[in-house]
Amino acid sequence: MDALARERTLIGSDAGLDLEPAERPSREEAMAAVRTLLAWAGDNPEREGLIDTPKRVVDAFEEWFAGYQGDPAKELSRTFEDVQGYDDMVMLRGIDVQSHCEHHMAPFLGKAWVAYMPTGKVVGLSKLARLVEIFAKRLQTQETMTMQIADAIEDHLSAAGVAVLIDAEHQCMSTRGVHHHDVSTITTQFRGVFKTDKVLQQRFMDLVVRK
């Protein structure tokens, strides 16, 4: 099963269905929905300070959720084999994660650490950062996003192993509900040799915490 198929299975997992995205409303319909929410919150969408808010919110949504238009397979399709036989860990540390939880649409912010063991070919380092960004710029759970990143690298790079760690603070927990601040959530995925070789797994974790 490729990463896209896995992603769709995860999206539809609650109902056991392979769900496709709903038909996308027009920009005008999206702005009308924002006006409705402003009125529901108790304000007047026609007052001066809010007149342009629907446009600004839709513009922000286009940026925050641009990952729906991203293609992980395309980002990982260009690889390089002239690496002089390099066969050790490739790792990116501290990639910014800016996402929104699918339950409250509240931001969660943090960092990702991504590593893989190449098997004769490597991908451009910026592509790994872009891969994280594609999955982050969607409505997400941190657990699902961690799996999606690992799936994509495993599927498209034929890596001998993949390791992903994400550490993020969820504003749906810090600004509402239980109101607990400075609590971070850590999720991990280890595949291939990173799962079976505990020494390699520990080496990855040591590099995560290294200053």
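## Close-up views of a predicted model

**View 1. Ile 134, a residue of helix H5.** Ile 134 lies in helix H5 of this model, which is a predicted one. With a relative accessibility of 0%, Ile 134 counts as buried, the cut-off for that word being under 20% relative accessible area. When residues up to four places away in sequence are not counted, Ile 134 touches Gly 67, Gly 70, Asp 71, Pro 72 and Glu 75. A further residue, Phe 108, is 26 residues from Ile 134 in sequence, and the two C-alpha atoms are 15 Å apart in space.

**View 2. Glu 75 and its contacts.** One of the residues touched by Ile 134 is Glu 75, which is found in helix H4, a helix made of residues 72-75. Is Glu 75 buried or exposed? The relative accessible area of Glu 75 is 14%, and the residue is therefore buried. Setting aside its neighbours within four places in sequence, Glu 75 is in contact with Val 123, Lys 127, Arg 130 and Ile 134.

**View 3. Helix H5 along its length.** Helix H5 has 12 residues, and from its first C-alpha to its last it reaches 17 Å, which is close to the 16 Å expected at 1.5 Å a residue. The buried residues in H5 are Leu 128, Leu 131, Val 132, Ile 134, Phe 135 and Ala 136.

**View 4. The crossing of helices H5 and H6.** Helix H5, residues 125-136, and helix H6, residues 142-157, have axes that come within 10 Å and cross at roughly 140°. The two helices are therefore oblique to each other, and their crossing is right-handed. From H5, the residues Leu 128, Leu 131, Val 132, Phe 135 and Ala 136 meet Met 145, Gln 148, Ile 149, Ala 152 and Ile 153 of H6. Sorted by type, the residues of this contact between H5 and H6 comprise nine nonpolar, one polar and no charged.

**View 5. Helix H6 and the residue that follows.** The 16 residues of H6 should span 22 Å at 1.5 Å a residue, and the distance of 23 Å between its end C-alpha atoms agrees with that expectation. Which residues of H6 are buried? They are Gln 142, Thr 144, Met 145, Thr 146, Gln 148, Ile 149, Ala 150, Asp 151, Ala 152, Ile 153 and Leu 157. Just after H6 comes Ser 158, which takes a positive phi of about 50°, in a residue other than glycine. Ser 158 has its place in the loop between H6 and strand S6, the latter running over 161-170, and at 44% relative accessibility Ser 158 counts as partly exposed.

**View 6. Met 105 in the loop between two strands.** Met 105 is found in the loop that lies between strand S2 (90-101) and strand S3 (107-117). Its phi is near 60°, and this positive value belongs to a residue other than glycine. With a relative accessible area of 41%, Met 105 is partly exposed.

**View 7. Met 91 in strand S2.** Strand S2 also holds Met 91, which is buried, its relative accessible area being 18%. Leaving aside neighbours within four places in sequence, Met 91 is in contact with Trp 113, Val 114, Ala 115, Phe 204, Leu 207 and Val 208. Met 117 is 26 residues from Met 91 along the chain, and the C-alpha atoms of these two residues are separated by 9.0 Å.

**View 8. The packing of helices H2 and H3.** Helix H2, residues 27-41, and helix H3, residues 53-64, pack at an angle of about 120°, and their axes are 9 Å apart. H2 passes H3 in a right-handed crossing. On the H2 side the residues are Arg 27, Ala 30, Met 31, Val 34, Arg 35 and Leu 38, and these meet Thr 53, Pro 54, Lys 55, Val 57, Val 58, Asp 59 and Glu 62 in H3. The residues of the contact of H2 with H3 divide into seven nonpolar, one polar and five charged.

**View 9. The chain as a whole, as a setting for the close-ups.** The protein chain has nine helices and seven strands, and its C-alpha atoms fill a box of roughly 65 × 35 × 35 Å, taken along the principal axes. Of the 211 residues in the protein chain, 39% are buried. Among contacts in the chain with a separation of 6 or more, 68% are accounted for by residues 24 or more positions apart.

Note on methods:
Residues are numbered from 1 along each chain as its sequence is written. This is a predicted model: local features need pLDDT of at least 70, side-chain atom pairs count only at pLDDT 80 or more; totals for chains, interfaces and linings use all residues. Side-chain values use heavy atoms; hydrogens and water are left out. Axes are lines fitted to C-alpha atoms, for helices over the stretch in contact, and angles run from 0 to 180 degrees between N-to-C directions. Helices (H or I, at least four residues) and strands (E, at least two) are DSSP runs, numbered from the N terminus. Angles under 35 degrees count as roughly parallel, over 145 as roughly antiparallel, 65 to 115 as roughly perpendicular and the rest as oblique. A crossing is left-handed if the near helix is turned anticlockwise from the far one by less than a right angle, and right-handed if clockwise. Contact means heavy atoms within 4.5 Å. Ala, Val, Leu, Ile, Met, Phe, Trp, Tyr, Cys and Pro count as nonpolar, Asp, Glu, Lys and Arg as charged, and the others, Gly among them, as polar. The expected span of a helix is 1.5 Å times one less than its number of residues. Buried means under 20% relative accessible area, exposed over 50%, partly exposed in between (1.4 Å probe, protein chains only).
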